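Work through the exercises below with the sequence and the model at hand. Each task is followed by a solution in steps.

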Amino acid sequence: MMQPDSAYLPEDNLPEPRHARRLLRAPGSRIWAWVVLLLALTACLWVTFHHFVLSSRGQVLDHAALASATARLQSLHEASVSLLADLPIVVATLAAIGFLVLTLWRRRWAASLIVALTFGAANLTTQVLKVILERPDFPNGVPYYTGNSLPSGHATFATAAFVAVFLLVAPRWRSTVAFFGAIFATVIGVATFLDGWHRPADIIAAYLVVGLWALIGGFIIYRVSRQWNVISPRSRAQYASMPEIVLWLMAFIGLGGAIAVVFFSGGSESLPNNLDGFVPSARWFLFGALLIGGSASLVFGVLASFFRWEAGREAPDEMVSDFR
């Protein structure tokens with residue numbers, strides 16, 4: 001019987017045995033933090049629904065932004081309108097290709113399966129919420145259409161595709177992926193808003209649904225794929241990166257700008273109680289666009305910061321932690 005190649009090598013030429021990675025802290029070890037953030041995002045989703053759907057004044061504000069966006073769209077050419085309609089699918093397809101490339105390249109089969117299930121769960125949750133949540137028909141002049149449209153399915157699909165890539169990459173790349181995810185989620189949200197498919201609250205709710213499932217999927221991945229979610233003591237990934245800082249700045253500008261538009265417009269009380277005969281205004285379109293962009297940046301900023309904070313930390317040589 002032939003001897004293995006190692007039998008003909010000097011002892012000092014044999015490959016070194018692979019040692020277990022030494023940890024200062026395991027990934028996802030602070031379970032209380034995951035629970036707190038999960039409850040916070042759930043509360044934000046409920047507040048969005050309660051304020052913009054269950055409240056007559058909120059419905060008026062939400063639809064004033066939509067009506068103003070539709071008026072902005074009329075000035076665009078037909079080709080631009082077609083581009084807006086196809087944009088969510090195009091962006092989601094690009095993200096899906098990135099996900100497949102990462103899966104085949106890094107061969108993280110368990111993590112990829114969890115990410116795929118997370119993607120499906122986010123989209124399923126959106127469709128279930130559309131059915132079970134009821135939209136009151138107030139006498140406020142807001143078109144009822146077919147009932148509840150919150151959350152947005154288009155925004156959920158495209159944003160969840162980018163979150164899939166976010167969950168699968170190494171910790172050092174997560175803030176960069178989150179930055180581009182926020183940019184594309186904003187573009188998709190504003191495009192859907194401009195095209196008259198969804199009001200701002202529908203899109204914000206979609207971001208929150210995806211954020212919730214990103215936390216659930218991420219927590220499981222941190223448990224079953226620990227070796228891919230540990231930051232070296234020498235890595236800059238343990239500190240806030242420029243993309244992460246910019247994300248928080250974008251969130252501040254977007255949400256702060258939306259609040260400022262409402263404030264300097266006299267508050268939501270400046271809108272009529274009934275929107276019959278409402279004249280669209282650029283300021284309400286700006287309010288909706290800033291609200292969408294600020295919300296997308298905030299959700300991705302929270303995910304980037306939290307996943308960096310909860311990533312594992314590799315310990316110095318003298319500190320040994322079992323990796324099991």
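Helices (H or I, at least four residues) and strands (E, at least two) are DSSP runs, numbered from the N terminus. The model is predicted: local features need pLDDT of at least 70, side-chain atom pairs count only at pLDDT 80 or more, and totals for chains, interfaces and linings use all residues. Residues are numbered from 1 along each chain as its sequence is written, and side-chain values use heavy atoms, with hydrogens and water left out.

**Exercise 1. Give the order of the elements along the chain and count them.**

Step 1. Read from the N terminus: the order is β-α-α-α-α-α-α-α-β-α-α-β.
Step 2. Count by type: there are nine helices and three strands.

**Exercise 2. Decide whether I204 is buried or exposed, and list its contacts.**

Step 1. Locate the residue: I204 belongs to helix α7, residues 200–224.
Step 2. Apply the cut-offs: buried means under 20% relative accessible area, exposed over 50%, and partly exposed in between (1.4 Å probe, protein chains only). I204 has 9% relative accessibility and therefore counts as buried.
Step 3. Look for contacts, meaning heavy atoms within 4.5 Å. Apart from neighbours within four places in sequence, I204 contacts T48, L291 and S295.
Step 4. Compare sequence and space: A296 is 92 residues from I204 along the chain, yet their C-alpha atoms are 7.4 Å apart.

**Exercise 3. Describe the largest nonpolar core.**

Step 1. Such a core is a set of buried Ala, Val, Leu, Ile, Met, Phe, Trp, Tyr and Cys residues joined through side-chain atoms within 4.5 Å.
Step 2. The largest one holds 75 residues, and F193, L215, F287 and F307 have the most contacts inside it.
Step 3. Helices supplying at least two residues each include α1 (31–52), α6 (171–194) and α9 (282–310). The greatest share, 14 residues, comes from α7.
Step 4. Not counting residues up to four places away in sequence, F307 touches W34, F166, L167, R174, A214, L215, G218 and Y222.

**Exercise 4. Check the length of α4.**

Step 1. The expected span is 1.5 Å times one less than the number of residues.
Step 2. With 24 residues, α4 should span 34 Å; its end C-alpha atoms are 34 Å apart, so the two agree.
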